[in-house]
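Trainee: I am new to this structure. Can we go through a few parts of it together?

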Amino acid sequence: MDYVVIVAGGKGLRMGTDIPKQFLPVNGLPVLMRTIRRFREYDNALNIILVLPKHQHEYWFSLCNKYNFDVEYRVTDGGETRFHSVKNGLSLIPDNEIGVVGVHDGVRPFPSVDVIRKCYDEARISKAVIPVTPVVETLRHIRSENVSVTVPRGDYRLVQTPQTFDIQLLKQAYNQPYVDAFTDDASVVESFGKEVTLVEGNRENIKITTPFDLKIAETLAE
């Protein structure tokens, strides 16, 4: 049985609004609803777990009523960090469950169904998968305040979500004590000793964090 844990803990500070970014409308539908619907498009039987800060639950449920949003999912509370939020989501999956679980940013509403499918299919084989895209701009490494050097961009990739894993592997990896180096799920799994496989993502799969991102999203949603 397969799952996705969708983590949405944004506060909207960089967006310059009091409304958390995951609740902002894009062409008439809140970002988070678009994200959930995309995973339902991939698999109507997928088990969807939504992780939200507890104080945002009431507002979210009011939006669901307003937009008649009836996609089936379960919701749990967010934690102190993204690591703890994901761990809370994983706790809703039975300890003996077999399958694949994806972890996805709630403010990435445009992963292609094809990319989602590639991530889940590859995770059945290699157990730990992340979607990436090439770096298209020149990169410079800052060595000191006044010294920087160009680095070969072909050696780097931009990381997206969903990051997909064997359920038992990810649950075990998240039993590790938290450290600041855990910036995403791949870093947690790598710390547990498992190498991560890369698959090609889609450039439209942007993370909406700024007003500029929101303008791009409006175009992508047309």
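**Strands, a helix and a pocket**

Mentor: This is a predicted model. Start with a pair of residues: Ala128 has Phe165, in strand 11, as its bridge partner.

Trainee: How many bridges join strand 7 to strand 11?

Mentor: The two strands run antiparallel. Ala128 and Phe165 are bridge partners here. The number of bridges joining strand 7 to strand 11 is two.

Trainee: In strand 11, which residue is the bridge partner of Val100?

Mentor: Look at strand 6, residues 100–105. Strand 6 runs antiparallel to strand 11, residues 163–166, and four bridges join them. The partner of Val100 is Asp166.

Trainee: Is Thr35 buried or exposed?

Mentor: Thr35 lies in helix 1, residues 31–42. Its relative accessibility is 0%. Buried means under 20%, so Thr35 counts as buried.

Trainee: Which residue has its backbone oxygen 2.7 Å from a polar atom of the Thr35 side chain?

Mentor: Leave aside neighbours within four places in sequence. Thr35 is then in contact with Ile6, His104, Asp105, Gly106, Arg108 and Pro109. The backbone oxygen at 2.7 Å from the side-chain polar atom belongs to Gly106.

Trainee: How many residues of the lining of the second largest pocket are charged?

Mentor: That pocket holds about 350 Å³ of space. It is lined by 14 residues, and the closest to its centre are Thr133, Leu158, Gln160, Arg203 and Ile206. Strand 7 and strand 10 each supply at least two lining residues. The lining has seven nonpolar residues and three polar ones, and the charged ones number four.

Definitions and conventions. Residues numbered from 1 in each chain as written. Predicted model: local features only at pLDDT ≥ 70, side-chain atom pairs only at ≥ 80, totals over all residues. Heavy atoms only, no water. Buried < 20%, exposed > 50% of the residue type's maximum accessible area, 1.4 Å probe, protein only. Polar contact = N/O pair within 3.5 Å; in protein donor to acceptor, adjacent residues only side chain to side chain. Contact = heavy atoms within 4.5 Å. 1 Å grid on protein atoms, 1.4 Å probe; cavity = no way out; pocket = protein on both sides within 12 Å on 5 of 7 lines; lining within 4 Å. Points joined across faces, edges and corners; volume = space filled by probe spheres on them. Nonpolar A, V, L, I, M, F, W, Y, C, P; charged D, E, K, R; others polar. Pairing = 2+ DSSP bridges.
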